[in-house]
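Welcome! Please take a moment with the sequence and the 3D view, and then let us walk through a few features together.

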Amino acid sequence: MELPTSHRLPLSWLLEAASTPIQYRAYAEIVPESARDPAQLETLRAAAVEYKPAQAIARRQRDNGLWGSSLLALEPPRGATEPGTIVQYRRLLELGWPADQRTFRVTDRYFFRLLSRDEDPALLAEYQRPAQGDPQLGAWARGMGRQAASAALARSGIYGEDPRLRGAAHRIASDISLYLRSETAAKPFRKAQGKTVLEPLAYPPTAYAIEMLAFLPSLQRERAGFLERLAQYFTAPAPRRAFLILAGTKLLKPTVELLGDPLHSDAHGRVTDVPFALYWLELCARLGLVRQMPPAARVLARLFSQCDDQGVWSPKSLRTAPKVVNPLANHYFPLEGPGKSPAQRQTDVTFRLALIAQLLGLPIEIV
């Protein structure tokens, strides 16, 4: 399969069948500016802000900018009902909330404190208590927090030229680049506490680092050689060996570390986790790397081939909407709300494929 040379956005269908966030983002991000009706755009924007599931997330934010007591949790921690702050912040952005909302500004202050290397123990969030007697765990948590905060701030779209974010982004990119060129990248594991662990000094790419880069186009232009190395790295299959993260004395399950191609597709581009595949493919498209990475190109070509003549994603035997398997996509999918309409199984993927097509530079026909 090959990538298409053009794509169709079924805008009329989405405006009838899709949730408010999908309608707004399709109109605001894919329809050319010259073809938009300013009044309709503003109506859709206001509806996205008033979307009840998004407002419910915003209401649960604490005064310190956090959701719950967690920063990094991809899923609700034990005893909690929602994931961590990084997920909820990006979730609101994906639901179409403008980044100038007060909800974001409160959390932005927390994020910039993380980037400034503020040593306040409170910034460790869920790791504050465990790190009291384990300084190395605290150092790991601060480093991961800086990566996550950088990704969230970059995703907001309003801090691309902020020197605080750019400085943190360059440091993260340099550390990953050094790892990619090291011998450790070829042999990243060792034994500790009777378990296979990632070498503690290793600094592989993470989903946070890749998302940060994807939403900082100026940094991409400045680090073109680094992006080429990333493309090569993500073309190689990820090791199947199970491993843990050794953070201080604590063993943690890996959640955001990427040790090669994360799609796990077969030779025909089939994947079992469509939501994560779309998230990953969108990031790769924003980085301009899809065509340089054969596994990603195969998966995307197959997904495009499942669209009908109007651009609606219509795979055979679609009985239920795709479900998130990899929690890295929890903030990203679905944007569709609850309901029983068969079209709701298709709206999310239809929108995402049209957005990816635009990011690839394909001509988009609005139907």
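Ala192 stands opposite Lys195 in β3. This is a predicted model, in which local features need pLDDT of at least 70 and side-chain atom pairs count only at pLDDT 80 or more, while totals for chains, interfaces and linings use all residues. Residues are numbered from 1 along each chain as its sequence is written, and side-chain values use heavy atoms, with hydrogens and water left out. Helices (H or I, at least four residues) and strands (E, at least two) are DSSP runs, numbered from the N terminus.

The open sheet is formed by 4 strands in the order β2-β3-β4-β5, with mixed pairing; two strands pair if DSSP finds at least two bridges between them. At the edges stand β2 (189-192) and β5 (250-252), each with a single partner strand, so one side of each is left without a neighbour in the sheet. From one strand to the next, the twist averages 50°.

## How the strands pair

Strands of a sheet pair through backbone hydrogen bonds, either parallel or antiparallel. β2 pairs with strand β3 (residues 195-198) in the antiparallel sense, over 4 bridges. Val197 in β3 is the bridge partner of Arg190. The hairpin of β2 and β3 has 2 residues between the strands, and there Gln193 takes a positive phi near 55°.

On to the next pair: β3 and strand β4 (residues 244-247) run in the parallel sense, paired over 2 bridges. Here Val197 has Leu244 in β4 as its bridge partner.

## Two helices side by side

Helix α5 (residues 85-94) packs with helix α7 (residues 135-156) at an angle of about 15°, their axes 10 Å apart. Axes are lines fitted to C-alpha atoms, for helices over the stretch in contact, and angles run from 0 to 180 degrees between N-to-C directions. That makes α5 roughly parallel to α7 (angles under 35 degrees count as roughly parallel, over 145 as roughly antiparallel, 65 to 115 as roughly perpendicular and the rest as oblique).

From α5, Ile86, Tyr89, Arg90, Leu93 and Glu94 meet residues of α7 that include Ala148, Ala152 and Leu153. Contact means heavy atoms within 4.5 Å.

## A closer look at Leu153

Leaving out residues up to four places away in sequence, Leu153 touches Tyr89, Asp108, Phe111, Phe112, Leu115, Tyr159 and Leu165. Asp108 is 45 residues from Leu153 in sequence and 7.2 Å away in space, C-alpha to C-alpha.
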